[in-house]
Amino acid sequence: MRNRLKVLRAERDWTQADLATAVDVSRQTINAIEKDKFDPSLPLAFKFSRLFELPIEQIFFDDDDRLI
């Protein structure tokens, strides 16, 4: 699963640690998700969705999906 977390985070000038604090995970978890080494749980995906005020599908997508 691919994602736009790094771009969304950069648009807000947040560090990985800032984002981790906002969704209550470790900075290492954010790093692993951004590098496509770890897929977030559904509850965590919802936290990102609420935080960025975007549908989950605009943050996370399959390689075959296109961004909206």
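Which residue just after helix 3 takes a positive phi? In this predicted model, that residue is Asp-36, with a phi of about 60 degrees. The protein chain contains four helices and two strands, arranged from the N terminus as β-α-α-α-α-β. Its radius of gyration is 11 Å, close to the 11 Å that the globule rule gives for 68 residues, so the chain is as compact as a globular protein of that length.

**The chain as a whole**
- The C-alpha trace spans about 30 × 25 × 20 Å along its principal axes.
- Of the 68 residues in the protein chain, 34% are buried.
- Among contacts with a separation of 6 or more, 54% join residues 24 or more positions apart.

**Surface and charge**
- The protein chain exposes about 4,600 Å², and carbon and sulfur atoms supply 48% of this area.
- There are 11 positive and 13 negative side chains, and the centres of the two sets lie 5 Å apart.

**Helix 3**
- Helix 3 covers residues 27-34, and its buried residues are Ile-30, Ala-32, Ile-33 and Glu-34.
- These buried residues pack against both strands, namely strand 1 (2-3) and strand 2 (60-61), as well as helix 1 (5-11), helix 2 (16-23) and helix 4.

**Leu-44 in helix 4**
- Leu-44 lies in helix 4, which covers residues 42-52.
- Leu-44 counts as buried because its relative accessibility is 8%, and buried means under 20%.
- Leaving aside residues up to four places away in sequence, Leu-44 touches Val-23, Val-25 and Ile-33.
- Leu-44 and Asn-3 are 41 residues apart in sequence, and their C-alpha atoms are 13 Å apart in space.

Methods:
Residues are numbered from 1 along each chain as its sequence is written. This is a predicted model: local features need pLDDT of at least 70, side-chain atom pairs count only at pLDDT 80 or more; totals for chains, interfaces and linings use all residues. Side-chain values use heavy atoms; hydrogens and water are left out. Buried means under 20% relative accessible area, exposed over 50%, partly exposed in between (1.4 Å probe, protein chains only). Contact means heavy atoms within 4.5 Å. The radius of gyration is taken over C-alpha atoms; the globule rule is 2.2 Å times the number of residues to the power 0.38. Accessible areas come from the Shrake-Rupley method with a 1.4 Å probe; for residues, only the protein chains shown count as cover. Lys and Arg count as positive and Asp and Glu as negative; His and the chain ends are not counted. The place of a charge is taken as NZ of Lys, CZ of Arg, CG of Asp or CD of Glu.
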